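I am opening my notebook on a protein chain that is new to me. I want to write down, entry by entry, what I looked up and what I found.

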Amino acid sequence: MHGPEGRDNIVLFPKTLDYYQMELTRMLETERYGEAGELLEFLLQCQGQEPRQYEEWKALLDWLRDAFPGVSGGGIETGIYEEDEESLARMHIEAKLALDKDYGNKLLKAAMESPLSEHSLLALEQLSYLDMPEIDEALHGWLDRENIHPLIQFHILQTLRRRGAQGIVSFVRGQEPVEVELETVPLKSADFPPQVQKILERVGDQTQVHNPTLFYFAQEFWFQFVMGVYGTRDYASILTEDDSTMDIWAAALHQTISESLPDGRSDSDIRLVYGITDALRLRYEQVYRSMKQFVYSGQGR
């Protein structure tokens, strides 16, 4: 979460609360305990819920802090948490293998043959901790398949990096051939270059105070999108150290999210606050279309 200012004035609407509750459940089911703790800290600062709801959130947060010392009252101590999470994941896999010698092949099949979901991505991540050389070959072959969802491709790259794979891999993303250096694949959101964060910060400047919920959705979508275009021409554009280009990406992100979560601003208002002039309009429309295509690819997965 970013920008704690003003959270004690946030009142959650019923649909927003439902969304956060579903997100919290998904985070716990997929063992994303650090993110769950962060979301709970956010919810505890919001207003307007029944006292019993706050007691439940507080009890769950206390449990997470006891189980994972990296989930602290002052925020997530990321390094400690990740070390604990990785250790837990390794122990989990070793325990499964001790009970079932074929567990590795079953996990590989679950990752490669299941529809894209939190669980299939978790299975893919767990392949990082299996000492089976044939997994590397299977993952490389998977990248070369046609019509693989871009998010799956990115998670394959992450798994290959976690398994110690090195060098440049070439494959096709959408219709675009790309080359990616495995050693530089980000393993978490904070690993992406500063330009990725700066674009999000510009959306935060326009939304965090008057519409923090929109900003929360924007964060979620932005990192999904960046993972989906990693290595492409769009990704290279995002990394451009150019003010107008960052404004274009920020405006397109704001526009895309506001279509599902209106914030009272018209399309022209959004373009205006990010300084999208007529001269920038064509590039803006191209970027906006890229985001919409990514949205549609998720709906059709």
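**Entry 1: the whole chain.** I noted before anything else that this is a predicted model. I then looked up the make-up of the protein chain, and found 14 helices and 4 strands in it. I also looked up how much of the chain is covered, and of its 301 residues, 46% count as buried. For contacts in the chain with a separation of 6 or more, I wrote down that 63% come from residues 24 or more positions apart.

**Entry 2: helices H2 and H3.** Two packed helices are described by the angle between their axes and the distance between the axes. I therefore looked up both values for each pair, as that description asks. Helix H2 covers residues 33–44 and helix H3 covers residues 51–67, and the two pack at an angle of about 145° with their axes 10 Å apart. I noted that H2 passes H3 in a left-handed crossing. On the H2 side the meeting residues are Tyr33, Ala36, Gly37, Leu40, Glu41, Leu43 and Leu44, while H3 brings Tyr54, Trp57, Lys58, Leu60, Leu61, Leu64 and Arg65. When I sorted the residues of this contact by kind, I had 10 nonpolar, 1 polar and 3 charged.

**Entry 3: helices H9 and H12.** At what angle do H9 and H12 pack? I found about 60° between helix H9, residues 194–207, and helix H12, residues 243–258, with the axes 9 Å apart. H9 and H12 are therefore oblique to each other. The crossing in which H9 passes H12 is right-handed. From H9, the contact uses Gln195, Lys198, Ile199, Leu200, Arg202, Val203, Gln206 and Thr207, and from H12 it uses Asp243, Met246, Asp247, Trp249, Ala250, Leu253 and His254. Sorted by kind, the residues of the contact of H9 with H12 are 7 nonpolar, 4 polar and 4 charged.

**Entry 4: helix H10.** I looked up helix H10, residues 212–229, and found that its 18 residues reach 26 Å from the first C-alpha to the last, which is close to the 26 Å expected at 1.5 Å a residue. Is H10 mostly covered or mostly open? I found H10 mostly covered, with 15 of its 18 residues buried. After H10 comes Gly231, and I wrote down that its phi is positive, near 90°.

Entry 5: Why does Ser290 count as buried? Its relative accessibility is 16%, and the cut-off for buried is under 20%. Lys292 counts as buried because its relative accessibility is 16%. Leaving out neighbours within four places in sequence, I found Ser290 in contact with Phe225 and Asp234. With residues up to four places away in sequence again not counted, Lys292 touches Thr256 and Glu259.

**Entry 6: Asp269.** I noted Asp269 as partly exposed, because its relative accessible area is 34%. Asp269 and Gln255 are 14 residues apart in sequence, and I wrote down a distance in space of 9.9 Å, C-alpha to C-alpha.

Terms used. Residues are numbered from 1 along each chain as its sequence is written. This is a predicted model: local features need pLDDT of at least 70, side-chain atom pairs count only at pLDDT 80 or more; totals for chains, interfaces and linings use all residues. Side-chain values use heavy atoms; hydrogens and water are left out. Axes are lines fitted to C-alpha atoms, for helices over the stretch in contact, and angles run from 0 to 180 degrees between N-to-C directions. Angles under 35 degrees count as roughly parallel, over 145 as roughly antiparallel, 65 to 115 as roughly perpendicular and the rest as oblique. A crossing is left-handed if the near helix is turned anticlockwise from the far one by less than a right angle, and right-handed if clockwise. Contact means heavy atoms within 4.5 Å. Ala, Val, Leu, Ile, Met, Phe, Trp, Tyr, Cys and Pro count as nonpolar, Asp, Glu, Lys and Arg as charged, and the others, Gly among them, as polar. The expected span of a helix is 1.5 Å times one less than its number of residues. Buried means under 20% relative accessible area, exposed over 50%, partly exposed in between (1.4 Å probe, protein chains only).
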